[in-house]
Amino acid sequence: MSDKQSRNSIVRRVGKALLRFMQQIDAVNEQSAQSSDMHQTDFRAICLLGGNNVPMSPKEIGHALGLTSGAVSALILRLEAGGMVVRKPNPEDRRGVLISLDKEAAARPLQEYVALHACYTQITDEFTSTELEVVARYLEALRHVTATHLTLEHEKLAGLRRRAKALE
C-alpha cells in the first residue's frame, strides 16, 4: 500500500471512529436523560455545568449547547423548577445572572456522567503527552469548524426570520 493509500485509509478510519463516537455519545446522553426522567437538553446542561465546576451565564450555556436565547431561558426555567440550578447575580454585570448547579440535587443524573468520565480518564492515561497534544489539536480544530458552522446557520435562520416578518 502506498503512503497516500495508507493515509487515506487512516483518515477514513478516524472519520468513522469520530462519527460512531458522536452517535454513541448522543445515545448515552439520551439513555441517561431518560433514566433520570429528564429531557436530553436538560441532561446535557447539567453535565456542562457539572463538568465546568463554575457558574455560567445563560449566553455561555446557549453557546456551548447550540441553543437560542429563548431555548436557554426555557431550559433554565425547567432546571430551576426542578431544583437543579440556582440563579445568582453576576458580580461583573449587574444586569446579568450566573447559573450554578446544585450538585446535591443533580447527583443522581450526574452519576452516569461521572462514571463515564472516569472511564475516559483511564483511557486518556494510556496515551503520551505528545499523542494527546495531536488529539487535542485535531479535536479543537473540529470544534472550531463546528462552532463556526453553528454560528453561520444561526445567523442565516435569523435573517430568514427577519425577511419573513418583513413580508407580513
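This is a predicted model: local features need pLDDT of at least 70, side-chain atom pairs count only at pLDDT 80 or more; totals for chains, interfaces and linings use all residues.
Q: How many bridges join strand β1 to strand β2?
A: Two strands count as paired if DSSP finds at least two bridges between them. β1 and β2 pair in the antiparallel sense, and the number of bridges joining them is six.

Q: Which residue of β2 stands opposite Val 85?
A: Strand β1 spans residues 85-90 and is joined to β2, residues 93-101. Across the pair, the residue that stands opposite Val 85 is Leu 101.

Q: Is Asn 90 buried or exposed?
A: Asn 90 lies in strand β1. Leaving aside residues up to four places away in sequence, Asn 90 touches Gly 96, Val 97 and Leu 98. Buried means under 20% relative accessible area. Asn 90 has a relative accessibility of 16%, so this residue counts as buried.

Q: What distance does helix α2 reach from its first C-alpha to its last?
A: Helix α2 runs over residues 40-52, which gives it 13 residues. At 1.5 Å a residue, a span of 18 Å is expected, and the model comes close to that. From first C-alpha to last, α2 reaches 18 Å.

Q: What covers the buried residues of α2?
A: The buried residues of α2 are Thr 41, Asp 42, Phe 43, Ala 45, Ile 46, Cys 47, Leu 48, Leu 49 and Gly 50. Both helices and strands take part in covering them. What covers these residues includes α1, α3, α4, β1, β2 and α5.

Q: Which residue forms a salt bridge with Arg 78?
A: The structure holds two salt bridges. In the one made by Arg 78, the closest N and O atoms are 2.6 Å apart, and the partner is Asp 42. This pair links distant parts of the chain, 36 residues apart, with Arg 78 in helix α4 and Asp 42 in helix α2.

Q: What N to O distance goes with the salt bridge of Glu 80 and Arg 87?
A: Glu 80 is partly exposed, with a relative accessible area of 30%. Arg 87 is partly exposed too, at 36%. Their side chains meet in a salt bridge with an N to O distance of 3.0 Å.

Q: Where is Asp 37, a residue with a positive phi?
A: Asp 37 is not a glycine, yet its phi is positive, near 55°. Asp 37 is also exposed, with a relative accessibility of 71%. Its place is the loop between α1 and α2.

Q: Which helix gives the most to the nonpolar patch?
A: The nonpolar patch on the surface is formed by Ile 10, Val 14, Val 135, Tyr 138, Leu 139 and Leu 142, with about 460 Å² of accessible area together. Helices α1 (3-35) and α6 (129-167) each supply at least two of its residues. With four residues, the helix that gives the most is α6.

Q: What relative accessible area does Leu 142 have?
A: Leu 142 is one of the residues of the nonpolar patch and is found in helix α6. Leu 142 is partly exposed, with a relative accessible area of 30%.

Technical notes:
Residues are numbered from 1 along each chain as its sequence is written. Side-chain values use heavy atoms; hydrogens and water are left out. Patches are made of residues with over 30% relative accessible area and no salt bridge: like charges are joined within 9 Å, nonpolar side chains (Val, Leu, Ile, Met, Phe, Trp, Tyr) within 5 Å. Accessible areas come from the Shrake-Rupley method with a 1.4 Å probe; for residues, only the protein chains shown count as cover. A salt bridge is a side-chain nitrogen of Lys or Arg within 4 Å of a carboxyl oxygen of Asp or Glu. Buried means under 20% relative accessible area, exposed over 50%, partly exposed in between (1.4 Å probe, protein chains only). The expected span of a helix is 1.5 Å times one less than its number of residues. Contact means heavy atoms within 4.5 Å.
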